[in-house]
Amino acid sequence: MLESNKDSAKLDAMKRIVGMIAKGKNASELFPAVVKNVASKNIEIKKLVYVYLVRYAEEQQDLALLSISTFQRALKDPNQLIRASALRVLSSIRVPIIVPIMMLAIKEASADLSPYVRKNAAHAIQKLYSLDPEQKEMLIEVIEKLLKDKSTLVAGSVVMAFEEVCPDRIDLIHKNYRKLCNLLVDVEEWGQVVIIHMLTRYARTQFVSPWKEEDCLEDDEKNFYDSDDDQKEKTDKRKKSYTMDPDHRLLIRNTKPLLQSRNAAVVMAVAQLYWHISPKSEVGIISKSLVRLLRSNREVQYIVLQNIATMSIQRKGMFEPYLKSFYVRSTDPTMIKTLKLEILTNLANEANISTLLREFQTYVKSQDKEFAAATIQTIGRCATNISEVTDTCLNGLVCLLSNRDEIVVAESVVVIKKLLQMQPAQHGEIIKHMAKLLDSITVPVARASILWLIGENCERVPKIAPDVLRKMAKGFTSEDDLVKLQILNLGAKLYLTNSKQTKLLTQYILNLGKYDQNYDIRDRTRFIRQLIVPNEKSGALSKYAKKIFLAQKPAPLLESPFKDRDHFQLGTLSHTLNTKATGYLELSNWPEVAPDPSVRNVEVIELAKEWTPAGKAKKENPAKKFYSESEEEEDSSDSSSDSDSESGSASGEQEEEGDSSDDSSEDSSSEHKSDSESASEVGNKRTAKRNSKSKRKRDSEDGENENEKSKTSDSSNADSSSIEESSSDSESESESESESESRKVTKEKENKTKQNINPLTKDVSLLDLDDFNPVSTPVALPTPALSPSLIADLEGLNLSTTSSVITKEVRLKTSEEKSRKTFKDYNPHIMVSTPVFVPVKTHVLLHRMSGKGLAAHYFFPRQPCIFGDKMVSVQITLNNTTDRKIENIHIGGKRLPVGMQMHVFNTIESLEPEGSITVSMGIDFCDSTQTASFQLCTKDDCFNVNIQPPVGELLLPVAMSEKDFKKEQGMLTGMNETSTVIIAAPQNFTPSVILQKVVNVANVGVVPSGQDHIHRFAAKTVHSGSLMLVTVELKEGSTAQLIINTEKTVIGSVLLRELKPVLSQG
């Protein structure tokens, strides 16, 4: 068939041959017949012949060389596809003899008019370099030439060649840096990945660290003895200490739209770029895109989760809002489950640990035993990291010891052993309980852990330890080697501490070990015998036997396995494997002083060689508009140093970007107007000719535009930029210009729509919460001394005063809030009550010396907040201790933890000398004792102040019956219960004293009790409405048990710690 005169027969034959190759069959015998068809004029036949030759050319080099002349002729073919295919095949024939021919072909192809052929020339460079590395210098010349290419088709391939051949030649990138940044959005996806990785390395060598900016802003507080002038000088120096290079900002800005790429590798590449080179304040934008990738297939999930695990160690706040995205699903494979567990452990903190522990309780019951074991280890790590829940986790793990599953029990024992090492003196009961489990547990690691624990604490359990040794001695020969070693250790420790009871037992075990089959056990036996049983041969070491065996062991350090991976670049194979892979290029450290930025400046003469002035102006303006618009929101939040550095850019491309950041408050129509005016100065005639065309195009695109209105501005900008930054071919230039005009109209329509929406959004976000809440949540009217402003607010709400307690619920106007049930709906038998006691203790917010005469104190009035039902009410008293008027007192910048919200008081225009005023604020502490940091400002100064709530002020008292109390308490057991024993004099346990002490610490309500020795109190948390049940049960003598039941285990633990000393003292 290959000899046939008909092309159809030859094509059929070639298809069959390539099919044989694909199935792994040997088709090398047909080589001579196939080579004859290399000169066929049929393109389809040629392609298949090329595929065959690439496969067998190395095996039959002599015959392959016969076709070289044909390929050389094909390199001159008028069809660009044939020229590119010929070069591809020529470079794939790995025959050292034809290296000079390949070199010549690559040089010619690099100057080809077709960008497709130039792209293949870039691919051929890598193949030639691997065949003959001695050609490196000549290949670098070709790479340098191709780097100047303005086609998006070539950019990715030539950067790949650069990374392969000469990654250390950073000087080749300088002149092309800005061009690569601007072309990035239009390059093919895999090219984008390569370019972003290369530019990440480039940025780490050419720019100073942007993280200095955060470091110098960390300590804002003024030294007490510094004068105003000294402070001003320090502030000025700090501001001048770091200014971001405009080229650095250009790279960060131009990669941001790629976070919306459909390709997971591109998103991952941008994420690692932001992680390694952007200011810490801007890294947070990558978290949403990475979480989006978790909907991809499991292979992508695995890589993304590995990178998130590394990030979450250093910056927990990035992924805390997406905590639920890392919850384990039943369909996840084990590798994904363990990675999600790792991330959840890294994100655990006091605020969310109670939610996570409930989640972990479910995971422990999983049928996947490996995953269940990993969950138990996770609970152990959480217990070590967050001291508030250590006891809760330990109690939960002890409960798991009664589990039917042996693997769960074994893993629990191992983790409990590690936790007890940290505080062994407090848990004698747990050790006794674990000793009883030796009869039922068969897993060697668990048995060995129990024996080690008993050996370490043998003096604390003197009655149990010898009996355990006796049982172990019975079955010594049938035990696992790991268990035998621990039996020997236990015997040695008991011999040294309780030789009267265990001397004979230990000698019996040593005799058994002397003849054991395992040489490790025989060696250990001989070593222990010589050390603990003194004789004439014993050396001086036997004197220190007790110190050696019973020395204090350091507690184990439970660390994340991802802790040591951060020195590898994220997203690389080395990071995934946690070892340096072949070809890995390390990121350099930031330079102390930035190299000369002028090396990136491009002379205008060079540009003029390829572009006419009109073409240049027409191409540049849309690019400016795209990048300035896409970053309007970000620029408004940037630091002043960033905006200054952008406006002062030396490059022509950046001149208008700084202006756009300064004028971001102007409407989009005026911005478009200014852009179009600057463009029209050069190309008025061409625009006039195209008016009729663009009008027709607008009409045809109206239907599409309506569908695009819901898209984000980034995606619309990315679409338009893909046309504006198109290749330099003269054929496509006119098309791209007419399309950019029509896209401009589309963008104007979208921006008008945004104009109508944005003001509304801003108004809603700026509205006070009490605008939405015409009726406040339960407000107790009989209260001690309310502030004048609070009384005025309450009167304005037209509240009914017929009852002492108002139990109406807040109904927000949004549909989401209307559909949500209130705490009272779920618990009709539980009502918020008035506070039993309001402490008059005030806390210093701002001392008069620090505040230059302005003093501020705050206290918690224990009233439902009028600004929002999830907020804690705070009253602040401001005093002017100076002899002059203090003007414009207001709240300035706020530095609040994630989720925390604050409703500030209205600006106080002036405060007279020796004057005083009380104002109200509302703070949503999110059921945590984290500090709310903000600035208290006057006309001339700003002072950093903090409010940290006592845990008792995060509660609202509730009224309930004893029956309801017991019912709710029964549902809050296990990990939701914490308790402690209190010892005090009997006179401190009278009902009135207990009541006074408890309500002084916490805002709780009293629950009627039918038993004299049990006192019950109930409250709910302000933010989530979770119940907090407190029980004080008097025992015989002078002891009592304090029990707290709540879903919020962290708050429960903290409250327990605060109540215990108060109830214990006289």
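Which helices are included in what covers the buried residues of H8? Let me walk you through that one, then a sheet.

Quick housekeeping: this is a predicted model, so local features need pLDDT of at least 70 and side-chain atom pairs pLDDT 80 or more, while totals for chains, interfaces and linings use all residues. Numbering starts from 1 along each chain as its sequence is written, and side-chain values use heavy atoms, with hydrogens and water left out.

Okay, H8 covers residues 115-131. Helices here are DSSP runs (H or I, at least four residues), strands are E runs of at least two, and both are numbered from the N terminus. Of its 17 residues, 12 are buried, so H8 is largely enclosed by the rest of the structure. Buried means under 20% relative accessible area, with a 1.4 Å probe and protein chains only. Among them are Val-117, Arg-118, Lys-119, Ile-125 and Tyr-129. And the cover? It includes H6 (80-92), H7 (99-110), H9 (136-147) and H10 (152-165). At the start of H8, a side-chain oxygen of Ser-114 comes to within 3.2 Å of the backbone nitrogen of Tyr-116.

Now the sheet. Four strands make an open sheet, ordered E7-E5-E9-E10, with antiparallel pairing; strands pair if DSSP finds at least two bridges between them. E7 (908-911) and E10 (942-947) sit at the edges with a single partner strand each, so one side of each has no neighbour in the sheet. E5 (residues 886-895) is joined to E7 by 3 bridges, and Ile-886 has Leu-911 in E7 as its bridge partner.

Methods:
Expected span 1.5 Å × (residues − 1). Buried < 20%, exposed > 50% of the residue type's maximum accessible area, 1.4 Å probe, protein only. Contact = heavy atoms within 4.5 Å. Polar contact = N/O pair within 3.5 Å; in protein donor to acceptor, adjacent residues only side chain to side chain.
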